[in-house]
Amino acid sequence: MPASIPVSQRLPDFPWDKLAPFKEKASAHPDGLVDLSVGTPVDSTPAVVQNALRAAADSPGYPTTIGTPAVRQAAIDWLARNHGVDGLGLDNVLPVIGSKELIGSLPLHLGVGQGDLVAYPELAYPTYEVSAALVGADTVATDSLVALGPKAPKILWINSPSNPSGRVLPVEHLRKTVEWARERGTLLISDECYIECAWDAEPISVLHPDVCGGSYEGILAVHSLSKRSNLAGYRCAFVAGDASVLGEVLAVRKNLGLQMPGPQQVAMVTALGDDQHAKEQHARYAARRAKLKAALESAGFRIDHSEASLYLWSRRPISGGDEDCWATVEWLAERGILAAPGTFYGRAGQSHVRIAFTATDERVDAAVARLTA
C-alpha cells in the first residue's frame, strides 16, 4: 500500500514563514524594527483580571469541558449588555481554549469531511481554509451567495468586523445571509472576535434579534477576549448560538479533553464583567490608529474599509494602478516597518498590506516618523 500523505501536507503553507527575509531587512534599521505584521496585544493584561487569576491559582481538580455556569453566564450577560443579544441560556454558550483552536477544529468536531463544501470570504483569516483542509473538505472563497448557485455548504463562515480588511457587514446583509443559510441547511458561523474594536461603524452580532429573528437555529458566533482584554496569552474565548450544534461540539470535545483551565475561567468571568478596562484599551488603540492612518496617507497610501478591527487595510497607488503587496512590504521594510502582505488572506488581497496598530506607543511613533520623513 502507498504511504499515507502526512496531515501537514494537506494544509496550505504557513504564510508567515515567507516574511522572514523582510523581517531581517526591517530589523536592520538603525532605530530597530517596528513590527506591525501581527495583531498581538502588547499592553498589560488588566490588573483586575490578573488578580482574579492569582486568586484562583489553587485549582487541583479537573475543569469541565462545558465550563462553569459562572463563565457561561458572564458571556451571556456581556452579549446582552454590550451587543443587544437576548434570550441566551446556559446551553447556548461554550467556553473554548482560544478562538483559533475552535475555528481550526470545528469542521472535525461536526463531522464535515470529503465531498462536503466549506465557504468563507474572499479575504479571510487563513484558519477557515486550514480547518476545511484538515478534514479533506472542498472549499470556496466568495463574498457572493449567488456565486454558490445551488450548492449548499456544510459550513458558511462570515467575519464581521473582517480580518484583514476591517469591513463591517450591515444588518440587512447579515439578515439575508441567515435566511439563505437556513433555507439550505447550512451552518452559518460568524467570527466576531473584533466586534468591540470599532471606529467608524457599529458592528452587530449575528445573534442580535434584528439579524436572527430571535432564533439561534443554524447559527453560531465566535468571540474572543484576546484583543478586547489583552488576554491572548490566557486563551479565553467562547462560542454561542444553536444549542443542538453546541451539544454535538461539546460531546466531541469532552472525549478529546478540550477544557479551558479552571483559573482562566475565573479570569474570564472577571474580564467579561468589567467594561472599564475595555474602554481604556479601546482609547489606546484609537489614538494609535489615528496616528498611523494619518502618517500612511501622508506617505501616499490609501486606506480601504478599516472601519473596525485592529488593522489598516492599505494600498500604495503607483503609475498605472496599485503596487503589488509584496513590493509594498519591501518598501516598508526598507524603512524598518514590517507589514503583512494581503495575499496571506486570499488572492483578493494582491494590492493591499495589512498594517496592525497593536504596537507600543513608542513603536507607533517611530513608524510615524519614518513614514513622514
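D242 sits in a loop of this predicted model. The loop runs between strand β8 (237–241) and helix α8 (243–256). Is D242 buried or exposed? Its relative accessible area is 10%. Buried means under 20%, so D242 counts as buried.

What does D242 touch there? Leave aside residues up to four places away in sequence. The contacts are then N92, Y216, E217, G218, I219 and L220. Take L220 as one of them. L220 and D242 are 22 residues apart in sequence. In space, their C-alpha atoms are 6.2 Å apart.

Now step back to the protein chain. Buried residues make up 52% of the 373 residues. The chain holds 12 helices and 15 strands. Along the principal axes, its C-alpha atoms fill a box of roughly 55 × 50 × 50 Å. How does the radius of gyration fit a compact globule? With 373 residues, such a globule would have a value near 21 Å. The protein chain has 21 Å, so the two agree.

Next, find helix α9 (residues 262–273). Start with its partner α3 (residues 69–83). The two helices pack at an angle of about 20 degrees, with their axes 9 Å apart. Angles under 35 degrees count as roughly parallel, so α3 is roughly parallel to α9. The crossing of α3 past α9 is left-handed. Which residues meet? From α3 come A70, V71, A74, A75, W78 and R81. From α9 come Q265, M268, V269, L272 and G273. By class, this contact of α3 with α9 has eight nonpolar residues, two polar and one charged.

Helix α2 (residues 47–55) also packs with α9. Here the axes come within 8 Å and cross at roughly 150 degrees. Angles over 145 degrees count as roughly antiparallel, so α2 is roughly antiparallel to α9. This crossing of α2 and α9 is right-handed. On the α2 side, the contact is made by V48, V49, A52 and L53. On the α9 side, P263, Q264, V266, A267, T270 and A271 take part. The contact of α2 with α9 divides into eight nonpolar and two polar residues, with no charged ones.

With α3, α9 is roughly parallel and the crossing is left-handed. With α2, α9 is roughly antiparallel and the crossing is right-handed.

Conventions:
Residues are numbered from 1 along each chain as its sequence is written. This is a predicted model: local features need pLDDT of at least 70, side-chain atom pairs count only at pLDDT 80 or more; totals for chains, interfaces and linings use all residues. Side-chain values use heavy atoms; hydrogens and water are left out. Axes are lines fitted to C-alpha atoms, for helices over the stretch in contact, and angles run from 0 to 180 degrees between N-to-C directions. Helices (H or I, at least four residues) and strands (E, at least two) are DSSP runs, numbered from the N terminus. Angles under 35 degrees count as roughly parallel, over 145 as roughly antiparallel, 65 to 115 as roughly perpendicular and the rest as oblique. A crossing is left-handed if the near helix is turned anticlockwise from the far one by less than a right angle, and right-handed if clockwise. Contact means heavy atoms within 4.5 Å. Ala, Val, Leu, Ile, Met, Phe, Trp, Tyr, Cys and Pro count as nonpolar, Asp, Glu, Lys and Arg as charged, and the others, Gly among them, as polar. The radius of gyration is taken over C-alpha atoms; the globule rule is 2.2 Å times the number of residues to the power 0.38. Buried means under 20% relative accessible area, exposed over 50%, partly exposed in between (1.4 Å probe, protein chains only).
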